[in-house]
Amino acid sequence: MSSPHEAMAHSGDEAMSMEGMVQDMRNRFLVAAVLSVPILLWSSIGRQVLHFGLPAPFGLRDDVFQLILSLPVIAYSGWFFFAGAVRALRARTLDMMVLVSVAIAAGWTYSVVVTFRGGGDVFYEASTVLAAFVLLGHWLEMRARGGANDAVRALLNLAPPHAIVIRNGEPVELPTSEVQVGDLLLIRPGGRVPVDAAVEDGTSEVDESVVTGESLPVSKAPGDELIGGSINSNGTLRARATRVGSETALAQIVKLVQEAQSSKAPGQQLADRAAFWLVLVALAGGTLTLIVWLLAGRTFSQAILFAITVVVITCPDALGLATPTAIMVGTGLGARRGILFKSAAAIEAAARVQVVVMDKTGTLTRGEPEVTRIQADAMSEREVLALAAAVERDSEHPLAEAIVRRAEQAGVARLTATEFESVPGYGALAAVDGHRVAVGNAKLMARENIGLDELADERDAIAAEGRTVVVVAVDGRAAALIGVSDAPRPTAKAAVDALYRQGVEVVMLTGDNRATAERIARELGIREVMAEVLPADKASKIAELQRAGKKVAMVGDGVNDAPALAQADLGIAIGAGTDVAIETADVVLMRSDPFDVATAITIGRATLRKMRQNLGWAVGYNAIAIPIAAGIFEPRFGLGIEPAGRGQRTVAEAAEAAIVNSPSGPIWRNPGFRVRVGSFGSSGRPAR
């Protein structure tokens, strides 16, 4: 089994590889950008638009000087596109690499031919600026990926390189990679927990915020779980290693993040398909444009100008970059909030959720009994708690623990019980402060011949609300009722409200009795409840909603929720849940906060909206620009797009021609292009 630090080394190699790729892309961009500046200055744009007057060095012609400067750009920076295009063609597909390669190669090759034939209009600056622009996009994308790897590496670095293991009663410091399941660990104050473990001795406060996002320290006592990478605050703990290497929570988080960032969303697949057709349209359109203009009597120089413009203008780099970048941003936002999307598809599924089905126990509620109501008759609540807690301290029943916990929270006097007697299935009795105290259910009261009297109706009412009723009797008389139930999580109500505000329906699904389920639903404002549902039937309930045409998310934490999580369009697991639930789900809420369900949907919707926006801009831009680039409107309106700087007119002259001869407006520019609006001379060719 690989250790955390073997995993860290592997991830480190990947991170270094990504770092090298980022640096390589940066270098390619810088070469293209730096050399594009003088190429631009000594081009027609520099001469006419920027009024750049310096002659080319060494007495060279402008186009020859541009050719020399463009060689490193094409050979080094442009090779990235050419290599990618070759891979795509070998795979018998067309992608953005093919389109960019054709655009750069066509413009540059044509310019070289013109240069060696004695000079003329050349496109060196269009090719190099295009290369620099697209490389910038790739560099930014790789930096984003590199940042994601930095986050993974930082997460792995949370595990300390060494651990203290108790061997033969003596503490021994070992590399964390050598810790095995079952080893007894010594974790001193201020130290990091090396691997996942269970506390066997000692108590302390542990800071788990680096892993779960929980801001407050968590109390740990014997039996509690420790997460590798968390920080032990104040006490000394002895803990037994339970998971090491790739099985630790940290390693699993890293795996989830890496899988999510490397996966391809349906929206990205759509972008790839759109890119395929755009490449096809660009190549076919460019070829057709060249043939049509040649048949129309234009010179080869003019025809190839239109053809190259069509190919170059069709290159919407956002189509290939913005979608994966949006996915990475979405997964990153989620991870920072303790929301782990296992795949890019999970982000899109979150965006389309219409119904959220939530398990009750452990998801909307804490999953442990808690005193939620005290009805005292002959004494105060504090007196009742003090007496009941004194009896229950010697009991191991979960309800007893809830009563003791409530007494400690209330700060009541700590009394001592004697003559303790446990009655399994009924409750317990003891002598406390001179009183005979019985704490248990109605069966215990009947066994002791204690009547409920005035409390009988109240007991029925509390039980009808779905609470477990504990009766406290003092000296043979019923003195109080304690209602114990699984209380809602603090943020559950806010989570439900947030989902309703998003237009999402909320359904509670539970195997618990209907009275308990409806009480929790009323407290949280949930309008639809599915109660008393067997574990095997939970998935069928999800399927029923799906057959009604709903996109369903299931939120659960237990093994019995796993089938429903798998059936749902989006399975969301509470981080504190079972391994089976977490493994089955598409999204994991590390903070076990139901409010994060609404946050996950918000992130999904924002990500999908940005993806669609990018696709819309890319496709819309091309739909408008391609016909203009092909010269369809030039014969009648004098409207066209060509690589910037072509022709002999200055900007002022072009603007004057546009204003005088066309109602279409002044010049519009984008990197490497000029929209030309002008009149035709008597020859039928555009006025130059």
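**Salt bridges in a predicted model**

Reader: Which residues are linked in a network of salt bridges?
Author: Five residues make up the network: Glu419, Glu421, Arg436, Arg447 and Glu448 are linked by salt bridges. Please bear in mind that the model is predicted.

Reader: Within that group, how far apart are N and O for Glu448 and Arg447?
Author: The salt bridge between the side chains of Glu448 and Arg447 has an N to O distance of 2.6 Å.

Reader: Is Arg447 buried or partly exposed? And what about Glu448?
Author: Arg447 is partly exposed, because its relative accessible area is 42% and the buried class ends under 20%. Glu448 also counts as partly exposed, at 31% relative accessibility.

Reader: Moving on, which residue does Arg467 meet in a salt bridge?
Author: The partner of Arg467 is Glu523, and their side chains meet at 3.9 Å, N to O. This pair links distant parts of the chain, its two residues being 56 residues apart.

Reader: Where do Arg467 and Glu523 sit in the secondary structure?
Author: Arg467 lies in the loop between α17 (455–464) and β16 (468–474), while Glu523 belongs to helix α19 (residues 514–524).

Reader: Buried or partly exposed, for Arg467 and for Glu523?
Author: Arg467 counts as buried, at 14% relative accessibility. Glu523 is partly exposed, with a relative accessible area of 35%.

Reader: What does Arg352 pair with?
Author: Arg352 forms a salt bridge with Glu348, and the closest N and O atoms are 3.4 Å apart.

Reader: And how accessible are Arg352 and Glu348?
Author: Glu348 counts as buried, because its relative accessibility is 3% and the limit for that class is under 20%. Arg352 has a relative accessibility of 36% and therefore counts as partly exposed.

Reader: Why can such side chains pair at all?
Author: Side chains of opposite charge can pair when their charged atoms come close.

Reader: How many salt bridges does the count come to?
Author: The count comes to 23 salt bridges.

Reader: Now the whole chain. How many helices and strands are there?
Author: The protein chain has 25 helices and 25 strands.

Reader: What share of the residues is buried?
Author: Of the 688 residues in the protein chain, 52% are buried.

Reader: And the contacts: what percentage join residues at least 24 apart?
Author: The figure is 67%, taken among contacts in the protein chain between residues at least 6 apart in sequence.

Conventions:
Residues numbered from 1 in each chain as written. Predicted model: local features only at pLDDT ≥ 70, side-chain atom pairs only at ≥ 80, totals over all residues. Heavy atoms only, no water. Salt bridge = Lys/Arg side-chain N within 4 Å of Asp/Glu carboxyl O. Buried < 20%, exposed > 50% of the residue type's maximum accessible area, 1.4 Å probe, protein only. Helix = DSSP H or I, 4+ residues; strand = E, 2+ residues; numbered from the N terminus. Contact = heavy atoms within 4.5 Å.
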